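These are my notebook entries on a single chain.

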Amino acid sequence: MPSPGSSLNRQAICQIDTNNFILITGSNLSRQDLINIMLKYNCKTGTNFDGGGSIALLYKGSNSQTIETIVGNRRSLTEVGYFTE
């Protein structure tokens, strides 16, 4: 198990207000890096997801038929968060 200060692929979400959230996905981030990002954007609540090789950030445009991988997606995923307008 990596230490909380180690830099890994990490993913988290935080709530800024009732209707606005930030999804953070990145490489070489420590937990403290995630905390600092959340503090910078005045997040009210936040959740750190599983990190490492299981992170993925995918995108599908509103008129697109394909899904684009932005970060990760190296493992089969067992949990999915889906956001839409």
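Which residues make up the largest nonpolar core? I had to keep in mind that this is a predicted model. I listed 8 residues for the core: A12, C14, I22, I24, L29, L34, M38 and C43. I then checked which elements supply them, and β1, β2 and α1 each give two or more residues. The largest share comes from β2, with 3 residues. I noted the general background here: in soluble globular proteins, nonpolar side chains tend to be buried together.

**Entry: the fold**

I looked up the secondary structure next and found 1 helix and 5 strands in the protein chain. Read from the N terminus, the order of elements is β-β-α-β-β-β. The chain has 85 residues, of which 25% count as buried. I also looked at contacts with a separation of 6 or more, and 41% of these are between residues 24 or more positions apart.

**Entry: A12**

I took A12 from the core list and asked what it touches beyond its sequence neighbours within four places. Its contacts there are I22, L23, I24, L34, M38, T47, N48 and F49. Of these partners, I22, I24, L34 and M38 are also on the core list.

**Entry: the disulfide**

How many disulfides are there? I counted 1 disulfide. It joins C14 to C43, with an S to S distance of 2.1 Å. The two cysteines sit in distant parts of the chain, 29 residues apart: C14 is in strand β1 (residues 8-17), and C43 is in the loop between α1 (31-40) and β3 (45-48).

Are C14 and C43 buried or exposed? C14 counts as buried because its relative accessibility is 1%. C43 is at 18%, so C43 counts as buried too, given that the cut-off is under 20%. Both cysteines are members of the nonpolar core noted above.

**Entry: T25**

I placed T25 in strand β2. Why does T25 count as buried? T25 has a relative accessible area of 18%, and therefore it falls in the buried class. Leaving out residues up to four places away in sequence, I found T25 touching R10, Q11, I55, L57 and V71. I also looked up the spacing between T25 and F49: they are 24 residues apart along the chain, and their C-alpha atoms are separated by 9.7 Å.

**Entry: the surface**

I then looked at a nonpolar patch on the surface, formed by L23, F49 and F83. Together these residues have about 290 Å² of accessible area. L23 belongs to strand β2 (residues 20-29). L23 counts as partly exposed because its relative accessibility is 35%.

**Entry: S76**

Where does S76 lie? I found S76 in the segment after β5 (68-72). Its relative accessible area is 73%, so S76 is exposed. I also checked S76 against S54: the two are 22 residues apart in sequence, and the C-alpha to C-alpha distance is 7.6 Å.

Note on methods
Residues numbered from 1 in each chain as written. Predicted model: local features only at pLDDT ≥ 70, side-chain atom pairs only at ≥ 80, totals over all residues. Heavy atoms only, no water. Patch = residues over 30% accessible without salt bridge, like charges linked within 9 Å, V, L, I, M, F, W, Y side chains within 5 Å. Areas by Shrake-Rupley, 256 points an atom, 1.4 Å probe, with all protein chains shown as cover. Salt bridge = Lys/Arg side-chain N within 4 Å of Asp/Glu carboxyl O. Helix = DSSP H or I, 4+ residues; strand = E, 2+ residues; numbered from the N terminus. Buried < 20%, exposed > 50% of the residue type's maximum accessible area, 1.4 Å probe, protein only. Contact = heavy atoms within 4.5 Å. Disulfide = S-S within 2.5 Å. Core = buried A, V, L, I, M, F, W, Y, C linked by side-chain atoms within 4.5 Å.
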